[in-house]
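The following report examines the architecture of a two-chain model. Please consult the sequence and the structure shown below while reading.

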Amino acid sequence: MHNFNFIRPDNLEEACDLLVRYKDRAKLIAGGTDLIVDLREEKLANCLEIIIDISNLEELNHIKEEGKYIRIGSGVRHAEIAKNKLIKKYAQVLSMAASVVGSPQIRNRGTIVGNIVTASPAADTIPALIVLDSILVIRKGKEKRKMFLKDVFEGPNKVNLKSDEIVCEIYFEKLSLDAKSYFIKLARRNAVDKSRMNIAVVAQQNKSKEITDIRISVGSLTPIPGRFKDAEDLLLGEIPTQDLIQKAGKKIAEEMINKSGYRWSTEYKEPVVKSLIDRVLNRIVEVE
Amino acid sequence: MANKEIELNIKVNNKDYKLFVASNKRLLDVLRDDLGLTGVKEGCAIGECGACTVIMNGKNVCSCMILAGQAEGSEIITIEGLEGPKGELHPLQEAFIETGAVQCGFCTPGMILSSLVLLKNNPSPTEEEIKEAISGNFCRCTGYKQIIEAVQLAAEKMRRGGI
């Protein structure tokens, strides 16, 4: 186990000041479900001096509706996200994704932004937050900046945040009550397993069944999470048919190969992603 | 760098403690080594098996995934805290014995604590709800059927007994 000093600041400002002072000699801990494993395996930099505990900061613990947005404090735990009524109503896809993270014990500790900054390609909540076009609020000392969630990822387990920056909030526009959203996790067992693949979709149709909004993100397919624009463009403005859904699945598989190359797992992933998109779309859109 | 000690104030099984522990200890280490509560088991130590489950402020958590300092000011219940005032067993413990739900016993404390959180929030759970509630606790003897029966029996006992 690494040796370190442990500090529990009383408020966000103090936490920000500590980070600015210690930079890469400090690590933040919230849920700790990834960090404690790394601490024990001594995987962190040798210069580690201090662990700053932000798990009890009230300022990072809100879920609120503000105009057209839902704003979530970075320290909100998965169990809270999964059962929150606002999120169920306006972002069902996120509620579904949060409810299948890890196990009850992990969901009682792990936090929404913890899952982002560790940037696992198999993270369950990331595709859901991507289709919600989420925005991060980042603080460095007293300065604040915003960044689209999709732009924070640099590669597997890598984010482009500085060591003195802290993500304090994530927010997104509420989905229209006419929109439908859905999340499926595919794993070898139902609980305590990493996703083999997961899919998050938002879809909306008008009265003539034309698709007016479609957002698709699939986890574990590409090194950097994102939306599958080619497939979305194919579906947008169209009245969906089974044939069109098949074509959308094909587009996603092509995009996966373009971005990740033809890998040992491609033979498995290609038919599976086609089948997942078929399953989700048939569940949430009216097909002609 | 020398390891720094931190002061830790916690309530464990309804008793207040003020401890001085190394800052890199986990809650699991504090409970087992400093307080001698060896009913808390260390299994995988990576948050997957649930053998180290304790109840922290009403929620079941893996004590291997919490640094000691993060437990400051919290209320912890371990399996030892389920004992009644005269040393009697908790209805969940009785039910685990009666249904043969204990095999090697390593997962049992965690199983019982996850089940207790469930029954406190939901006195009449369905089989599916029980499975979901204990999905973070692995029984490698694989005696899940008896464990589910035990939780059902305990639910009945607790409803009758008003616990």
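Which strands of chain A does H11(A) lie across, and at about what angle does H11(A) run to E12(A)?

The model is predicted. H11(A) lies across E11, E12 and E13 of chain A, and its direction is at about 35° to that of E12(A). These three strands make an open antiparallel sheet in the order E11-E12-E13. Strand E11 (180-186) and strand E13 (211-219) of chain A are the edge strands; each has a single partner strand, so one side of each remains without a neighbour in the sheet. From one strand to the next, the twist averages 10°. Seven bridges connect E11(A) with strand E12 (residues 197-205) of chain A in the antiparallel sense, and A:Ser181 has A:Val202 in E12(A) as its bridge partner.

Helix H11 (residues 266-284) of chain A also meets helix H10 (residues 242-260) of chain A: their axes come within 9 Å and cross at roughly 145°. This crossing of H10(A) and H11(A) is right-handed. On the H10(A) side the contact includes A:Ile245, A:Ala248, A:Ile252, A:Met256 and A:Ile257, while H11(A) contributes residues including A:Val273, A:Ile277 and A:Leu281. By class, the residues of the contact of H10(A) with H11(A) are nine nonpolar, two polar and five charged.

## Domains of chain A

Chain A is divided into domain 1 (5-53), domain 2 (58-173) and domain 3 (180-284). The C-alpha centres of domain 2 of chain A and domain 3 of chain A are 21 Å apart. Their contact involves 21 residues from domain 2 of chain A and 24 residues from domain 3 of chain A. On the side of domain 2 of chain A that touches domain 3 of chain A, two or more residues come from each of helix H5 (92-98), helix H8 (125-131) and strand E8 (153-155) of chain A. H8(A) gives the largest share of that side, five residues. The class composition of the side of domain 2 of chain A that touches domain 3 of chain A is 15 nonpolar, four polar and two charged residues.

## A hairpin and a buried loop residue

Strand E6 (residues 135-140) of chain A and E7(A) run antiparallel and are joined by six bridges. A:Arg139 stands opposite A:Lys144 in E7(A). The two strands, E6(A) and E7(A), form a hairpin with two residues between them, and A:Gly141 in the turn has a positive phi of about 60°. Is strand E7 (residues 143-148) of chain A hardly covered or well covered? Strand E7(A) is hardly covered, as the count of buried residues among its six residues is zero.

A:Leu60 is placed in the loop between strand E3 (50-53) and strand E4 (63-66) of chain A. Why does A:Leu60 count as buried? A:Leu60 counts as buried because it has 23 C-beta neighbours inside 10 Å, the cut-off being 20 or more. Leaving aside residues up to four places away in sequence, A:Leu60 touches A:Leu12, A:Ile54, A:Gly73, A:Ser74, A:Gly75 and A:Cys168. The C-alpha atom of A:Leu60 is separated by 9.5 Å from that of A:Asn11, although the two residues are 49 residues apart along the chain.

## Chain B

For chain B, the domain assignment gives domain 1 (5-79) and domain 2 (91-161). The C-alpha centres of domain 1 of chain B and domain 2 of chain B lie 22 Å apart. Domain 1 of chain B brings 13 residues to the contact and domain 2 of chain B brings 12 residues. Strand E3 (53-56) and strand E4 (59-62) of chain B each supply at least two residues of the side of domain 1 of chain B that touches domain 2 of chain B; E3(B) provides the largest share of this side, three residues. That side of domain 1 of chain B has seven nonpolar, four polar and two charged residues.

Within helix H1 (residues 27-34) of chain B, the residues B:Leu27, B:Leu28, B:Val30 and B:Leu31 are buried. The buried residues of H1(B) pack against strand E1 (5-12), strand E2 (15-22) and E3 of chain B. Just after H1(B), B:Gly36 has a positive phi of about 70°.

## Contact between the chains

The contact draws 26 residues from chain A and 27 residues from chain B. Strand E1 (5-7), helix H2 (35-40), E3 and helix H6 (104-107) of chain A each supply at least two residues of the side of chain A that touches chain B. The residues of this side of chain A divide into 11 nonpolar, 10 polar and five charged.

Key
Residues are numbered from 1 along each chain as its sequence is written. Chains are lettered from A and ligands numbered from 1 in the order in which they are written. This is a predicted model: local features need pLDDT of at least 70, side-chain atom pairs count only at pLDDT 80 or more; totals for chains, interfaces and linings use all residues. A residue is buried if 20 or more other C-beta atoms lie within 10 Å of its own, exposed if 12 or fewer, and partly exposed in between; C-beta atoms are placed from the backbone. Helices (H or I, at least four residues) and strands (E, at least two) are DSSP runs, numbered from the N terminus. Two strands pair if DSSP finds at least two bridges between them. Axes are lines fitted to C-alpha atoms, for helices over the stretch in contact, and angles run from 0 to 180 degrees between N-to-C directions. A crossing is left-handed if the near helix is turned anticlockwise from the far one by less than a right angle, and right-handed if clockwise. Two residues are in contact if their C-beta atoms, placed from the backbone, lie within 7 Å. Ala, Val, Leu, Ile, Met, Phe, Trp, Tyr, Cys and Pro count as nonpolar, Asp, Glu, Lys and Arg as charged, and the others, Gly among them, as polar. Domain bounds come from an automatic or database domain assignment.
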